[in-house]
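Dear colleague,

I am passing on a structure for you to look at, with the sequence and coordinates placed just below. My notes on how its parts meet follow after that.

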Amino acid sequence: MIELYAMASPNVQKIYLMLEETGLRYVAHQINIWKGEQFEPGFRALNPNAKVPVIVDHDGPGGGDYVVFESGAILLYLSEKTGALLPSDPRQRGDTLQWLMIQLTGIGPMFGQFNHFNRFAAENRYGVSRYTTEAQRLYRLIDDRLARTAFLGGDDYSIADIATFPWFRTEARMFGDTHPFTAADGDGYPHLWRWYRQIAERPAAMRALAVIDAHPSTFATATVTEVDRVLGRGSHAATR
Ligand SMILES: N[C@@H](CCC(=O)N[C@@H](CS)C(=O)NCC(=O)O)C(=O)O
């Protein structure tokens, strides 16, 4: 049995997709980051970085509990545990890991900053421009890759796709009306959206997305001070 510490964010959505795909038994606990639940001592004992997702596997290596944080590490751990969604052939595995890393080090951080400046600091035109340019470049990269292969790692669905799909879904939902390149089925990225629809139609993905959508973001309930704490602004900023 696996316990998942969760919220509505794309990094957490990856883990729901993975758990449903592998058929592992799990229970999810919602963490309200705006209320500071990630900073409570019990949660920090699981993840000193104070962020979700985190899993506790009660049937960990050698028996007993094992805690994993960082969404990429969780996907790799669950792949190794189940033997699923990460090819064993060295070339296919290498290809899959490269595209997983593109998500972990590129798409996640860059889309995150794109979201941040567009939602919270639109008056900062340099930040908006820099991260919009970078996000758009990554849409092109993924579309070009998917023009040549069925899935990001190659012929088969893998943890590279599981890591990447929730970010495009989130961007389409958050900015689809305001940024043409983020719109679902947007012109110019036909291979990306072909891949997207294929994943969204997988039974395991449909189950995961139903659970995800049953726990929407709690952002609307947050006060200005609570948002400042998560974003490191105002009285929580290192420089003023
Ligand atoms: N690199 C981490 C990022 C995790 C992350 O940023 N989690 C966010 C939600 S998406 C969070 O817990 N934020 C709370 C905070 O920053 O205080 C991963 O991929 O797991």
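In this predicted model, 16 residues of domain 1 are in contact with 17 residues of domain 2. In domain 1, P10, K14 and L17 lose the most area to domain 2, and together they make up 33% of what that side buries. The two domains bury about 1,400 Å² between them, with 73% of this area on carbon and sulfur atoms.

As for the bounds, the domain assignment of the protein chain places 2–84 together with 215–236 in domain 1, and 90–201 in domain 2. The C-alpha centres of domain 1 and domain 2 are 21 Å apart.

Turning to the polar side of the interface, the rule finds 1 salt bridge across domain 1 and domain 2, and it also finds 1 residue pair in polar contact there, both residues being at pLDDT 80 or more. On the side of domain 1 that touches domain 2, at least two residues each are supplied by α1 (10–22) and α3 (71–82), and α1 gives the largest share, with 7 residues. By residue type, that side of domain 1 divides into 7 nonpolar, 5 polar and 4 charged residues.

With best wishes

Notes: Residues numbered from 1 in each chain as written. Predicted model: local features only at pLDDT ≥ 70, side-chain atom pairs only at ≥ 80, totals over all residues. Heavy atoms only, no water. Domains from an automatic or database assignment. Contact = heavy atoms within 4.5 Å. Buried area = accessible area lost by both parts, 1.4 Å probe. Salt bridge = Lys/Arg side-chain N within 4 Å of Asp/Glu carboxyl O. Polar contact = N/O pair within 3.5 Å; in protein donor to acceptor, adjacent residues only side chain to side chain. Helix = DSSP H or I, 4+ residues; strand = E, 2+ residues; numbered from the N terminus. Nonpolar A, V, L, I, M, F, W, Y, C, P; charged D, E, K, R; others polar.
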